[in-house]
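Colleague: I'm new to reading protein models, and I'd like to go through this one with you. Could you take me through it feature by feature?

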Amino acid sequence: MTNAATAEFLADLQDALPKGRFRAVKAGELDDPRGRHVGLAAVVATPHCVDEVSTIARLCHAAGVGIVPLGGGTGLVLGQVAHSGPAPVVISLERMTAIREVYPSENAMVVEAGAILHDVQAAAEAVDRLFPLSLASEGSCRIGGNLATNAGGLNVLRYGNTRDLCLGLEVVMADGTIWHGLKRLRKDNTGYDLKNLMIGSEGTLGIITAATLRLFARPSKTAAAVFVVEDPKSAIDLLAMAQATVGEGISAFELISGVGLDFLTETLPDLRQPFEVRPDWCVLIDLGVSAEAVPEEMLLALFEKALAAGLVSDGVISQSEAQRQEFWAVREHIPVGNRNIGSISSHDISIPVSRIPDFIPEGIAKLQALGDVRVNCFGHLGDGNLHYNVFPAKGLDRKDFDDIRAAVKKTVHDLTHAYEGSVSAEHGVGRLKVEDLERYQDPVKLAAMRAIKTALDPKGILNSGAVLRAAGAT
Amino acid sequence: MKVLVPVKRVIDYNVKVKVKADGSGVDLANVKMSMNPFDEIAVEEAIRLKEAGTATEVVVVSIGEKKATDTLRSAMAMGADRAVLITTDQGVDIEPLAVAKLLKAVIDEEAPDLVIAGKQAIDNDMNATGQMLAALLGWGQATFASEVKIEDGAAIVTREVDGGMQTISVKLPAIITADLRLNEPRYASLPNIMKAKKKPLEEKSADDFDIDITPRQTIIATEEPATREAGIMVGSVDELVAKLKEGGFV
């Protein structure tokens, strides 16, 4: 367990740093976005540079006081929400937002951890490059948090997740020492890969203060289409066909269910939907191609081929960028519709792609045996990542399902495990899925993770209770 | 009743427009092009008239490069019956008067009962072709339409004017120009795009007409609007006042 931050400790901490590096908690900033818990903080530190982060870590380490690094606070698994135990020092990276260097010719840029994802994207665009990480919270999440959680998002199919977009890191270790690892190399086989260990560690092994990110050429032409498919099996066959015919041009391949569209009709009637007759399943396909190609023609050719193969029955294609954005608005509002309806339980899972067609109906049947529920299954089909969220049947209230919530979650996660899937595809473990990790993770891997945690953070001060159970806690 | 709709291929509304380095115009190389949004509204209105049984045929016409074929196919995917393309030399800017004269020639041949055009093209914002065409034909015109009804050989058109709405009646044949609120254009469905590939598209050259389309205007310069300068943060009211005085604002 970590120690409580005494008044004396906090005074020492303040003395060790320039003025104006500490502030009170702002309303809501430590709240779980899904409203389950509120995070604790002895104080919020707002360091301006890596040396100040180092000083804070050194003092916390000496006193055994916990540290929780904070980015945009948009994580969905309580990774940034320390809601029990002694109140930690929350280190907000909000003052470390610089784009330090941009190397267009190397397709790389160095940014500080507090830079907001949207600003990172804009800095890349300013030199006619693409930083492809894109997710719903990009206007407020910070790149350090994206790295710490190995965030996924909409472009993983083409560009990989955050791990694949990072070349180097600068990290403050638990004892305050600084790892200067801001390399810009594509090849660097020099022993253990500390960078990839830090990415996805959710602030439990070090505090990321800066990163070298990979940039890409911007696709100069884009177009989107929504294809109506009969079922998820057709959607997966369509994905294989699309990869064979269009290849790398596919930026996104998103599954949308009729249930999700119903939620939009029920709660956001003004949002324009692509079809007058609501399909049971459809997929949003986004293409980004080079200047010489014509993405609309590629999508039409794919549709014709898929129609001949019986995989699709209808579809629309964007005739302008405005229409493309309207199609994306439908996909991006599905989580809003979900929030408006109010889920019983939400799950961020991944399944081997070829087994998804069996998984989806089997899960729905098992869940409907538990109660009168609806399942909105949607997400990044191309990555095998499903958001498999369970809702009350129309007219019922989620409160009436409190007693089966745990059973719902266990049903989905047990089935996911049986299908060789993962119970956290892109959201991380945080404090929410510590037990799931213990239940489903390979025991050898779990033991190795504990050994690494002990080696790098012997006092257990870094984001204690996230990913792994805190030593001594039950 | 036959309805004719002129459509223009323009730089996509959502593309950030870049001025060529030499200031001679807008950079169109490898830029996404789409149907002029007001023309899309005009096409939608014509198709709705056909669906309502008021119109029997919708003909779309475009004047420009060969690539305007894509725009005409889009209009036919929405529901237009056939298309006429008048090709011009690449890179030549066709001014509204020349467009109106070419359209008049097509109209003399096609004899439509109604022409619905976009109120303006978003590339050069001239807002002139519809009006010039009405004058050349000697037809009535109803510009900035937000509602259209056809009754007893006349179009009852609600117009968006300064400070409110005006409803007028124009005898057919007539020119209507579409404003933003007239309708919301439908999405082109993929099955209809496949069908549109087989719809007739007649191609003519501007040279086939005895019309002088040489530009009468000379573009002197094209410039980006001035960019907003970054602001500064001040620590107090006194400092704010001092800065304002320093800058000569108070």
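Colleague: At roughly what angle do the axes of helix 3 and helix 4 of chain B cross, and within what distance do they come?

Modeller: Some ground rules to start with. This is a predicted model, where local features need pLDDT of at least 70 and side-chain atom pairs count only at pLDDT 80 or more, while totals for chains, interfaces and linings use all residues. Residues are numbered from 1 along each chain as its sequence is written, chains are lettered from A and ligands numbered from 1 in the order in which they are written, and side-chain values use heavy atoms, with hydrogens and water left out.

Modeller: Now the general idea: two packed helices are described by the angle between their axes and the distance between the axes. Here, helix 3 (residues 96-110) and helix 4 (residues 129-137) of chain B have axes that come within 9 Å and cross at roughly 50°. Axes are lines fitted to C-alpha atoms, for helices over the stretch in contact, with angles from 0 to 180 degrees between N-to-C directions. Helices (H or I, at least four residues) and strands (E, at least two) are DSSP runs, numbered from the N terminus.

Colleague: Which word describes how helix 3 of chain B and helix 4 of chain B lie to each other?

Modeller: Oblique, therefore, for helix 3 and helix 4 of chain B. Under 35 degrees counts as roughly parallel, over 145 as roughly antiparallel, 65 to 115 as roughly perpendicular, and the rest as oblique.

Colleague: Which residues of helix 3 of chain B meet helix 4 of chain B?

Modeller: From helix 3 of chain B, they are B:P96, B:L97, B:V99, B:A100, B:K101, B:L103, B:K104, B:I107 and B:D108, and they meet B:T129, B:M132, B:L133, B:L136 and B:L137 in helix 4 of chain B. Contact means heavy atoms within 4.5 Å. By class, this contact has ten nonpolar, one polar and three charged residues. Ala, Val, Leu, Ile, Met, Phe, Trp, Tyr, Cys and Pro count as nonpolar, Asp, Glu, Lys and Arg as charged, and the others, Gly among them, as polar.

Colleague: Is A:L135 buried or exposed?

Modeller: Buried, because A:L135 has 18% relative accessibility. A:L135 sits in the loop between strand 7 and helix 4 of chain A. Leaving aside neighbours within four places in sequence, A:L135 has contacts including A:L117 and A:C141.

Colleague: How many helices and strands are there in chain B?

Modeller: Chain B has six helices and twelve strands. Of its 250 residues, 45% are buried.

Note on methods:
Buried means under 20% relative accessible area, exposed over 50%, partly exposed in between (1.4 Å probe, protein chains only).
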